[in-house]
Number of protein chains: 2
Amino acid sequence: MFEIKKRDAAGRICTFQTTHGSVTTPALMPVVNPHQMLLSPRELRKTGAQMIITNSYIIHQDPRLREVAQKKGLHCLLDFDGPVMTDSGSFQSYLYGSKIDPVEIVKFQRDIGSDIGTIFDIISSPTASFTTCQAEITETVRRAQESSAVKGDMLLAGTIQGSIYPRLRQTCARKMGKLDIDFHPIGGVVPLMEMQRYSDIARIIIASKKGLPPSRPVHLFGAGHPLILPLAVALGCDFFDSSAYIKYAKDQRLLFSTGTKKLGEIEENPCSCSVCQRYSPQDLREMETEERTRNIALHNLYQTFAEMKRIREAIREGSLWELVERRSVTNPSLLDAMEVVQGETHWLEKSEPISKKRAFFYTGRYSLHRPLVYRYHQRLFQRYIPPAKKIRVVPEEKKPYSKYYQKYVTTNTTLLVSSPFGPVPIELDEMYPFSQSLFPQKLDSETQEMNKRLEQQFLAHLQTLMGNQKISAKKEKIDATNYQSRKIKKVADMQFGNGAGDALFEGEINILVSPRTGKIRGVYADNQLIASMRASDGLFILGKEGGFRLHKHLDFPDMRIIIDDEAIPFVQQGRNVFSKFVIDASELVRPLDEVLIVSTKDDLIGTGTCLLNREELLSFTTGMGVKTRQGYPPE
Amino acid sequence: MFEIKKRDAAGRICTFQTTHGSVTTPALMPVVNPHQMLLSPRELRKTGAQMIITNSYIIHQDPRLREVAQKKGLHCLLDFDGPVMTDSGSFQSYLYGSKIDPVEIVKFQRDIGSDIGTIFDIISSPTASFTTCQAEITETVRRAQESSAVKGDMLLAGTIQGSIYPRLRQTCARKMGKLDIDFHPIGGVVPLMEMQRYSDIARIIIASKKGLPPSRPVHLFGAGHPLILPLAVALGCDFFDSSAYIKYAKDQRLLFSTGTKKLGEIEENPCSCSVCQRYSPQDLREMETEERTRNIALHNLYQTFAEMKRIREAIREGSLWELVERRSVTNPSLLDAMEVVQGETHWLEKSEPISKKRAFFYTGRYSLHRPLVYRYHQRLFQRYIPPAKKIRVVPEEKKPYSKYYQKYVTTNTTLLVSSPFGPVPIELDEMYPFSQSLFPQKLDSETQEMNKRLEQQFLAHLQTLMGNQKISAKKEKIDATNYQSRKIKKVADMQFGNGAGDALFEGEINILVSPRTGKIRGVYADNQLIASMRASDGLFILGKEGGFRLHKHLDFPDMRIIIDDEAIPFVQQGRNVFSKFVIDASELVRPLDEVLIVSTKDDLIGTGTCLLNREELLSFTTGMGVKTRQGYPPE
C-alpha cells in the first residue's frame with residue numbers, strides 16, 4: 001500500500017494505494033469545505049490535486065450534507081472519484097470546544113466511505129505545559145486504539161500530538177506506531193505555521209519521524225504554505241494539506257514558493273500559471289470579490305503544486321538539500337530551522353543515499369553539514385588507513401586530484417588534499433562527491449573553520465594510528481599501476497569497511513582503465529572480475545568473485561541483507577528482493593549501497609543494490625528492498 | 001530619451017524612447033537571425049519582448065535581405081514595428097575574421113532604419129594581453145568617434161571593450177562617455193559567460209559603469225542566461241540580449257532562473273509557461289526536431305522574461321539585493337561574483353536609496369555588506385554624537401528598542417543595542433532598517449565577527465569623542481518627553497548631518513506622538529512644524545520652518561540641489577525639478593533624500609525628495625530630479 005520509489009535526504013517519492021486509486025507522494029491535498037466549495041473538486045484536480053481532504057465533522061453536523069453522504073457516499077457528495085481523506089473535527093474542538101464522540105466520528109467517516117479517516121485527537125496548544133500535553137497524548141493514543149478497532153476497510157489516520165516537546169512527539173509517535181494505524185498526521189502545527197516557528201516545526205517532524213516506523217506515511221497537517229514544503233519533505237513528510245490556498249486568497253494574498261505577496265503590492269507578476277497568464281494584477285484587483293478570490297485561490301494552488309513538482313524532481317536528481325538550502329535564504333525563520341536540521345545530521349545520515357545523479361553544489365554554511373559530508377567525515381576516521389608513514393598535505397587546485405598530484409605520491413607518502421570537504425586522501429578523488437562538486441573560490445568562514453579543525457584532528461588521528469614507529473626511509477616513485485592498486489583498496493575500504501580492499505584485491509591484480517578518460521573501469525584478480533567501478537560516482541559494483549571475497553571477509557551481518565528461505569530460489573535466479581522477505585539487515589547498509597544477500601545461515605545468495613536502510617527494510621512490507629545484481633545459484 | 005523611474009541597488013527602471021516606441025528597462029532583446037527566424041518577431045513580442053536585436057552584417061552580406069532592407073527598411077524586413085537594435089558584425093569578425101568597413105556598416109544600419117546601430121568595435125579576447133587590449137580599445141574608440149559623425153537620426157551604440165582588465169574597461173568607458181553616443185553595450189562577455197566567469201563579468205560591469213556618465217543606457221552584450229540577470233541589473237545594466245534562448249533550445253536545454261536543465265533529464269516540469277502547460281517533457285522529447293526547438297526556445301524566453309519581471313518588481317519593492325543574494329546560492333560562480341560586489345560597496349552606496357518599501361531580509365553572509373548597511377556604519381561614526389558619557393550596551397531582544405530599553409536610559413547614559421547591524425544607538429530604533437528587518441536567531445560567523453569588531457571600534461571611537469573629561473555623576477531618570485527630544489535630534493543628525501538636530505529643534509519643542517502606536521509623528525518648535533516623521537521608515541520630512549532652519553545651519557552646498565534661475569518661479573509654486581535645470585548638487589545627497597532646493601546664490605527655493613544622486617543629476621537631461629515637497633514663494 002505504501003512503497004518507496006525514489007529518495008533523497010530523508011525525503012522520498014512513494015506510491016500510496018487507496019481504493020480510489022494510487023497517489024504519488026510527496027502529495028498535497030487541497031482542503032475542501034463541503035459547505036462552500038469555491039473551487040469544485042474537479043477543478044482542484046486540474047490544478048494538480050491527486051487527492052483532497054475534507055472535514056467529516058462539518059458534514060456530520062449538517063443534516064442535508066450528512067444525508068447525502070450517508071446515502072450516496074462521500075465521493076458522490078463531493079463529486080470526486082479520487083482518494084478523499086477526512087478530518088474528524090479535532091481542530092474545531094480545539095478552537096471552539098465542539099463536543100464530538102471519538103468513536104462515533106470514526107465510524108461515521110468509515111460509513112460515508114472516506115479513504116482515510118482521522119481519529120478525534122486532542123490538539124495541544126503550543127503554550128500548554130509538558131504535563132498537560134502528556135496527559136493529552138495519552139488520551140489521544142487511547143482514542144486511536146479504540147478507533148482502530150472500528151476502522152473497517154477505511155485507512156485510519158492516527159495523529160501525532162505533543163505540542164512543541166520533541167520527547168512527547170516521539171513518545172506519541174512510538175505508541176501510535178505500534179497500533180493498527182495506516183497513516184500519521186503530525187498535528188497541532190497550524191499555530192506554529194502562523195507564527196513562522198519553522199524551527200519548532202522541524203524539531204516536531206524529526207521527533208515524530210524518529211518515533212514512527214519508516215513505512216508509515218507521514219502527513220504534516222495544516223502546513224500548506226509552499227515555503228515550508230521542501231524542508232518538510234527533506235525531513236520525511238509525505239503528505240500535506242492546504243487550506244492556505246483559500247485562506248490567503250480571501251485575504252488577497254498570493255502564495256509563491258519564496259513567500260507571500262499582497263495583491264495590492266504587485267505591479268508586474270512573474271507567475272505564468274493559467275490565472276496569471278490571463279489576468280494582470282490590475283485585472284485581479286478590479287474583479288468582483290468572489291471571482292477574485294476564486295482566481296487567487298487557483299493561482300495559489302498552481303504555485304503550491306509547482307513547488308511539489310520541483311521537490312519531487314529534486315528527489316529524482318538528488319538535489320533536495322540544495323533546494324532546501326536555496327529556500328532557506330528566502331526567510332530568516334527557515335534559517336532558524338536549518339540550525340535544527342544541522343543538529344540532526346546523525347539521524348539524517350541513515351536515510352541519505354550513498355551517491356547522487358547530480359553534482360554537489362555548495363550554497364553556503366549549511367552545505368557542509370549535509371548528511372553525505374557528515375558520513376564522509378565519519379568514514380574517513382573509521383575506515384581510511386594511511387598507505388604510508390609520511391603525510392603530505394597539498395592544497396586543492398584542480399580536479400580530479402590524481403591527475404595533478406599523483407606525481408607527489410611515493411611509496412612512503414600519504415597524500416591528502418585540503419579540499420572544501422575537509423582533508424581528502426588522493427586515492428578517493430573520483431568517489432562521489434569529490435570530483436562531482438562545485439564550490440566558490442572563497443568558502444564561508446564557518447566551513448573554513450570546520451575544515452581547519454577537521455584537518456588537524458585527522459592528522460592527529462593518523463599519527464595515533466601509525467603509533468610511534470620510525471618513518472621508513474624508503475622513498476620511491478610509484479608508477480601508475482602501483483598507484484591504481486593503492487587507489488582501489490582505499491576506495492573499497494571507504495565503501496565496504498576497513499580491510500575490504502585487501503580482501504577483495506588479492507592475487508594477481510589486473511586493472512582495466514578507460515583509455516580515453518584514464519578512469520578505472522574494472523578490477524580483475526586471477527582473471528576473475530572482482531568489481532567494476534561506476535564512472536558516475538567512482539564506487540564499486542561487485543563482480544561475482546568480488547561478492548564471494550567480500551562475504552568471506554566481512555563479519556556477519558556487515559553489509560548483508562538476510563532473506564527468508566522462501567525467497568532464496570528467486571534471488572538465486574537474479575530476481576529482486578522484496579522488503580517483505582527481508583528478515584534482517586546490517587546496520588551499516590545505506591540507501592544505494594552495494595550489498596550481500598544472504599540466507600539466515602549466511603549462505604551467499606546474491607549481490608545487489610539496496611534501496612532501503614535496515615529500519616526501512618524491516619518496516620516496509622510492500623515494494624522492493626534490494627535490486628539484485630546477480631544471484632549465486634546453489635553449488 | 002532615457003529617464004529613471006524607480007531604483008534599487010545600482011539598478012533602475014527607466015523609460016527609453018525610440019522612434020518606434022518606448023521601452024521599459026531593464027529589458028531583454030531576443031536575438032533574431034534574419035536568415036532563419038525560428039520564432040517570428042511577432043511571436044517574440046507575445047513572449048514579452050518589447051524590442052529585438054538583429055545582425056546588420058548578416059543582412060548586408062545577403063543580397064536578397066540587403067535589398068529588402070534598403071528598399072523597405074529593417075522593420076519591414078523583420079515584420080516588427082517595435083524598436084530594433086542592430087549589431088555590426090564585430091562578433092563575426094572576432095570569430096571568423098570577417099572584414100568589415102567600420103563606417104560603412106554604421107551608415108548601412110542608419111540607412112535601413114535601425115533604431116540603435118552599433119559601431120564596428122574590436123572584441124578583445126579574454127586571454128589577450130593588457131597592451132594588446134589597450135591598442136584595441138584605442139582603435140574601437142576611434143571608430144566610435146568616426147561612427148558618431150555619420151549616425152544621423154539613428155541612436156548609436158558604442159561598445160565598451162577592454163577584456164578582463166577593469167582599468168581598460170573604465171578608460172574605454174570614460175572615452176566613449178565623452179563622445180556623441182547614445183547607448184553602451186559592454187562587449188566581449190560571451191566567452192566569459194560560457195566559462196561562467198561571473199566574477200570577471202561583475203568586475204567588468206562595475207568598471208564600465210564607473211567610467212560612463214550615469215545617464216547612458218548600458219547593455220550587457222551577449223549575456224542572456226537568466227542566472228546572471230539579477231546581479232547585472234543590480235550593478236546598473238539596463239539592456240540585455242538573448243541568443244541563449246535559441247542556442248540552448250537547439251541543444252535541448254531548458255533555461256530556468258536557477259540554471260539550465262537538459263530535456264532528457266526532466267521528468268516533472270514545474271514550469272507553467274504556455275509551452276510547459278501544454279506539453280510534458282515527454283511530449284517535447286517525442287516532437288520533431290524543429291517543433292521541439294521552437295517550443296523549447298519559447299519556454300526559454302518565457303522563463304527569461306519572467307526573471308526580468310521579477311527583477312523589475314524587486315526594484316519597485318526595494319528587494320533587489322535579496323533577489324541577487326537568493327540567486328547567488330544557485331551557482332558557486334555567482335558566489336564568486338558576490339565577493340567582487342562586496343569589495344565595491346563604497347561605489348554602490350552612492351546609488352542606494354535611503355530607505356525601502358520592504359523590510360530588510362537577511363539571507364546570509366553577504367546581507368550585511370549591502371550598501372545600506374555600509375552607509376549606516378559610515379554615518380554612525382561620522383554623525384552620531386553620544387548624548388551622555390556613560391555608555392551602556394544591551395543585547396537586542398525585542399523591537400522597537402525604545403519600547404523595551406527606554407527604562408535604562410538616564411541623563412548620563414548613551415544606550416547602544418548590540419544588533420545584527422552592529423551597534424545601534426537606541427534613539428535610531430525606528431529608522432529604516434532597524435525596526436524593519438528580519439534576521440535568524442544565529443547569524444553566520446563572518447557577520448558575527450564583523451559586528452563584534454565594529455562594536456569595539458565604535459566604543460573606542462566614542463571614548464575618543466568624549467575626550468578625557470570626567471563622567472558626570474548626575475544620573476537621573478529621563479521621562480518620555482526628554483527621551484523623545486533626544487531621539488529626534490539623533491535621527492536628524494544621522495539623516496542630515498552632525499548638528500542638524502540641534503539646529504532644527506531649537507526653541508519650545510512640541511512632539512506630536514501617535515496615541516495608538518506611540519510613534520513620533522511630527523515636531524513643532526514655537527508652534528511651527530519643523531518636520532514630520534514618516535511612519536514607514538522613521539525618517540524626517542521637512543516642514544517649512546524646518547527647511548529654513550536646515551538651510552541656515554548647513555554649509556553650502558550640503559544637502560542642496562542648485563537649480564537654474566529659469567526654474568525658480570516654477571519650483572516656488574511647488575512644481576518638480578527636472579534634472580536639466582539642476583546646475584549642481586551636494587555630494588552628500590543620496591536617492592530619496594530630503595533636500596533643500598536653492599538658487600545659485602543659495603536662496604532657498606523649496607524642499608523636496610531627491611530621486612537622483614549628484615552625478616546623475618548632472619548627467620541626466622530628461623526626467624525628474626527632485627519631487628518638490630513645497631516651494632518657498634519669494635518674500
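Predicted model: local features only at pLDDT ≥ 70, side-chain atom pairs only at ≥ 80, totals over all residues.
**Ground rules.** Local features need pLDDT of at least 70 and side-chain atom pairs 80 or more, while totals for chains, interfaces and linings use all residues; side-chain values use heavy atoms, with hydrogens and water left out. Residues are numbered from 1 along each chain as its sequence is written, and chains are lettered from A in the order in which they are written.

**Interface.** I looked up contacts (heavy atoms within 4.5 Å) and got 40 residues of chain B against 40 residues of chain A. Next I checked salt bridges (a side-chain nitrogen of Lys or Arg within 4 Å of a carboxyl oxygen of Asp or Glu). The rule finds 12 of them across the interface. One I noted is Glu268(B) with Arg316(A), whose closest N and O atoms are 3.1 Å apart.

Then I asked which helix of chain B (a DSSP run of H or I, at least four residues) gives the largest share of the side that touches chain A. That's helix 15, with 7 residues.

**Cavities.** I searched the whole structure for cavities, meaning sets of points on a 1 Å grid over the protein atoms alone where a 1.4 Å probe fits but cannot get out. There are 11 of 30 Å³ or more, volume being the space filled by probe spheres set on the points, which are joined across faces, edges and corners.

Key:
Helix = DSSP H or I, 4+ residues; strand = E, 2+ residues; numbered from the N terminus. 1 Å grid on protein atoms, 1.4 Å probe; cavity = no way out; pocket = protein on both sides within 12 Å on 5 of 7 lines; lining within 4 Å.
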